[in-house]
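Please read it with the coordinates open alongside.

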Amino acid sequence: MGMGYKTSWLAVPGADSRAVADALGLVGRVAMDWETGSEAAYKRGVFVASPVDGWTLAHGRVHLDNGCDGDGPAILDWLGVLGRRFGDLQYFSTDRIGEYHAWARVEAGRVVRAYCFHGCAGDVPLRFGEPTEIERRLGVGERWLEEGWENWSEAESDDWRAAMPDEQHVMAIARNWGICPLDIPEGAPVDDGIYGFPPGVE
């Protein structure tokens with residue numbers, strides 16, 4: 001359905017698109033079909049799709065997290081605010097060009113897991129909570145830039161790099177946790193969603 005790679009998205013169970021758009025504070029709202037809204041959100045703004053299989057997805061390549069860098073305390077605070085409103089939700093971000101891959105899970109209003117790998121920086125700037133079962137099965141999300149990394153041999157550095165996630169891992173985690181946007185078939189019978197801009201974005 002045109003959403004997934006090289007973007008960030010929220011997956012919120014049991015909420016309608018208007019409630020998610022309200023929580024994100026979207027202004028200048030326009031009703032759009034999934035294809036048009038998704039394409040627009042790759043350029044700027046945020047598209048909140050109508051629910052599919054009980055999940056509402058919201059994505060934006062630039063503006064979804066409204067200024068949070070995605071790999072620090074600010075993103076955890078933002079997700080916590082959303083979690084207090086919806087209870088449960090998930091966040092994903094992936095960009096193969098910058099080797100930037102992140103995921104987070106909120107349960108009962110609390111962030112219980114968050115992980116971010118920034119390949120171009122050679123760092124894991126965000127690591128919160130314990131790896132979930134799917135992460136352990138995939139062999140990702142369990143390592144960070146551990147103490148003493150400056151003295152690693154080339155083989156040790158290669159082992160560390162091999163344990164880092166890529167975009168396919170992000171999709172697999174999303175699928176296991178609830179819904180992966182890549183699995184939504186083209187032409188699925190969904191209603192128009194909401195396209196708009198977070199506060200401060202024109």
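## Conventions

Two strands are said to pair if DSSP finds at least two bridges between them, and the elements themselves are DSSP runs numbered from the N terminus, with helices (H or I) of at least four residues and strands (E) of at least two. The model is a predicted one, in which local features need pLDDT of at least 70 and side-chain atom pairs count only at pLDDT 80 or more, while totals for chains, interfaces and linings use all residues. Residues are numbered from 1 along each chain as its sequence is written, and side-chain values use heavy atoms, with hydrogens and water left out.

## The sheet

Nine strands make up an open sheet with antiparallel pairing, in the order β2-β9-β3-β4-β1-β5-β6-β7-β8. Because β2 (27–32) and β8 stand at the edges with a single partner strand each, one side of each is left without a neighbour in the sheet. From one strand to the next the twist averages 15°, where axes are lines fitted to C-alpha atoms (for helices, over the stretch in contact) and angles run from 0 to 180 degrees between N-to-C directions.

Four antiparallel bridges link β7 (residues 110–118) with β8 (residues 123–128), and among the paired positions Y115 has R127 of β8 as its bridge partner. The two strands form a hairpin with four residues between them, and G122 in that turn has a positive phi of about 65°. Elsewhere in the sheet, β3 (residues 46–48) runs antiparallel to β4 and is joined to it by two bridges, with V48 opposite A58 in β4.

Helix α3 (residues 73–86) lies across β1, β5 (89–95), β6, β7 and β8, and runs at about 145° to β5.

## Backbone exceptions

Most residues other than glycine have a negative phi. On the accessibility scale (buried under 20% relative accessible area, exposed over 50%, partly exposed in between, with a 1.4 Å probe and protein chains only), K6 is partly exposed at 25%, whereas A108 is exposed at 68%.

## Cores and contacts

A nonpolar core is a set of buried Ala, Val, Leu, Ile, Met, Phe, Trp, Tyr and Cys residues joined through side-chain atoms within 4.5 Å. The largest has 34 residues, and those with the most contacts inside it are W34, F47, L57, F92 and W103. Helix α6 gives the most to this core, with five residues. A second, separate core of 27 residues includes L10, L26, L64 and C116.

Contact here means heavy atoms within 4.5 Å. Leaving aside neighbours within four places in sequence, W103 touches residues including Y91, F92, Y115, P165 and W177. E167, in α6 (residues 167–177), is buried at 12% relative accessibility, and its side chain makes a polar contact of 2.8 Å with that of R96; such a contact is a pair of N or O atoms within 3.5 Å, where within protein one must be able to donate a hydrogen and the other to accept it, and residues adjacent in sequence count only if both atoms are side-chain atoms.

## Cysteines

With a disulfide taken as a pair of cysteine sulfur atoms within 2.5 Å, the structure holds zero disulfides. The sulfur of C120 is 12 Å from the closest cysteine sulfur, in C116, and is therefore too far for a bond; C120 is exposed, at 58% relative accessibility. For C180 the closest cysteine sulfur is also in C116, at 18 Å, again too far for a bond, while C180 is buried with a relative accessible area of 1%.
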